[in-house]
Amino acid sequence: LPQTPRPMAAAGVMTHSPRTCSPFSSVLEAVMIFRDADCGAVPVVDAGKPVGVLTDRDVALALADHPDLASRPVSEVMSADVVSVTPETPLAEVKEAFGANAVRRLLVADRDGQLLGIIAFADVAQYLPDRAVGEVVTDVVTQP
């Protein structure tokens, strides 16, 4: 069997054109995207540029504080610390970005800041040696 070439950059491992919502979308709208797209994170964009990420964990944790969570805007619950890379970012740097920022997902944006895709750590882990995966997992897990 021919070996499939290893992707060498972010573009080779990202999920292209992920479903997104706006900061004004309701949390319920974002939860419907989790369900319909079978994903656990929705990039939040304003004019095509990422301004945050809403994860299923963000929603679960906010539920205790906000009984009316379903109708609240995504901007009240999302993580606003957007960590992004370009499609050309080498996989070694993508791995570093996960560990250095203690995030489980990275956004991929073009030079103008327009969202192109999203990368979950699992998308990259399969191309890394086991030791490198362990280092990043330790960095992510030890962050608060």
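**Packing, cysteines and confidence**

Mentor: Let us begin with one residue of this predicted model. Leaving aside neighbours within four places in sequence, Val85 is in contact with Ala10, Val94, Ala97, Leu106, Leu107, Val108, Ala109 and Ile119.

Trainee: Which residues have the most contacts inside the largest nonpolar core?

Mentor: In soluble globular proteins, nonpolar side chains tend to be buried together. Here the largest nonpolar core has 17 residues, and those with the most contacts inside it are Val85, Val94, Phe98, Leu106, Ile119 and Val124. At least two core residues come from each of α3 (91-101), β5 (105-109) and α4 (121-125). Helix α3 gives the most, with four residues. Another core lies apart from this one; it has 14 residues, including Cys21, Ile33, Ala62 and Val77.

Trainee: How many disulfides are found in the whole structure?

Mentor: A search of the whole structure finds zero disulfides. The cysteine sulfur closest to that of Cys21 belongs to Cys39 and is 9.9 Å away, which is too far for a bond. Cys39 is likewise in no disulfide.

Trainee: Is Cys21 buried or exposed?

Mentor: Cys21 counts as buried because its relative accessibility is 7%, under the 20% limit. Cys39, at 26% relative accessibility, counts as partly exposed.

Trainee: Where is confidence lowest, and where is it highest?

Mentor: A mean for the whole chain is read first, then the individual elements. The mean pLDDT of the protein is 89, with 85% of its residues reaching 70 or more. Confidence is lowest in helix α5 (residues 130-142), at a mean of 57, and highest in strand β2 (residues 41-46), at 97.

Key:
Residues numbered from 1 in each chain as written. Predicted model: local features only at pLDDT ≥ 70, side-chain atom pairs only at ≥ 80, totals over all residues. Heavy atoms only, no water. Disulfide = S-S within 2.5 Å. Buried < 20%, exposed > 50% of the residue type's maximum accessible area, 1.4 Å probe, protein only. pLDDT = per-residue confidence, 0-100. Core = buried A, V, L, I, M, F, W, Y, C linked by side-chain atoms within 4.5 Å. Contact = heavy atoms within 4.5 Å.
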